[in-house]
Amino acid sequence: TQTTFGFSRDDAGKFLPAYIEQSILEHDPFAVLDQSGVGELVKIGIDKGRSTRRDLKIGICGEHGGEPSSVIFGHKVGLNYVSCSPFRVPVARMAAAHAALQEEEMNKK
């Protein structure tokens with residue numbers, strides 16, 4: 001997120017609220033994974049990494065690892081795991097279960 005947007009976490013708090021208020025960004029990209037930008041780079045990384053090593057384990061960590069829409073996105077693109085702070089584990093597990101159920105439902109159709 002920092003590299004893709006070119007934002008410093010230390011400085012972002014000064015302008016991110018205005019960006020969100022003015023609809024330049026929908027969410028704080030440090031809290032909710034930007035699926036169309038950062039997410040696309042994640043998908044490219046997964047595809048390229050697994051093209052040379054099929055068993056490559058790939059995951060995300062930090063705030064994204066405990067944020068439901070980011071966890072669901074990670075499941076869809078083939079992440080193996082998420083890592084987050086202990087207090088966010090129940091939310092991450094619930095999101096992962098939700099993603100697995102959605103996938104199962106789609107496979108039935």
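Reader: What makes His64 count as buried or exposed in this predicted model?

Author: His64 has a relative accessible area of 11%. Buried means under 20%. His64 is therefore buried.

Reader: Where is His64, and which residues are in contact with His64?

Author: His64 sits in the loop between strand E1 (59-61) and H4. Neighbours within four places in sequence aside, His64 is in contact with Thr1, Pro29, Phe30, Ala31, Val32, Leu33, Ser70 and Val71.

Reader: Which backbone oxygen lies 2.8 Å from a polar atom of the His64 side chain?

Author: That of Pro29.

Reader: Why is Arg88 called buried?

Author: Its relative accessibility is 16%. The cut-off is under 20%, so Arg88 counts as buried.

Reader: What surrounds Arg88, and where is its place?

Author: Arg88 belongs to the loop between E2 and H5. Apart from neighbours within four places in sequence, Arg88 is in contact with Glu63, Gly66 and Glu67. A polar atom of the Arg88 side chain lies 2.8 Å from the backbone oxygen of Gly66.

Reader: Which residues meet where H4 and H5 are in contact?

Author: From H4 come Pro68, Val71, Ile72, His75 and Lys76. They meet Val91, Ala92, Ala95, Ala96, His98, Ala99, Ala100, Gln102 and Glu103 in H5. By class, the contact has 9 nonpolar, 3 polar and 2 charged residues.

Reader: Which residues of H4 are buried, and what do they pack against?

Author: The buried residues are Ser70, Val71, Ile72, Phe73, Gly74 and Val77. They pack against H3, E1, strand E2 (81-83) and H5. Just after H4, Gly78 takes a positive phi of about 95 degrees.

Reader: What is the phi of Ser23, and why is Ser23 called exposed?

Author: Ser23 has a positive phi of about 60 degrees, although it is not a glycine. Most residues other than glycine have a negative phi. Ser23 lies in the loop between helix H2 (9-21) and helix H3 (38-52). Its relative accessible area is 61%. Exposed means over 50%, so Ser23 is exposed.

Key
Residues numbered from 1 in each chain as written. Predicted model: local features only at pLDDT ≥ 70, side-chain atom pairs only at ≥ 80, totals over all residues. Heavy atoms only, no water. Contact = heavy atoms within 4.5 Å. Helix = DSSP H or I, 4+ residues; strand = E, 2+ residues; numbered from the N terminus. Nonpolar A, V, L, I, M, F, W, Y, C, P; charged D, E, K, R; others polar. Buried < 20%, exposed > 50% of the residue type's maximum accessible area, 1.4 Å probe, protein only. Polar contact = N/O pair within 3.5 Å; in protein donor to acceptor, adjacent residues only side chain to side chain.
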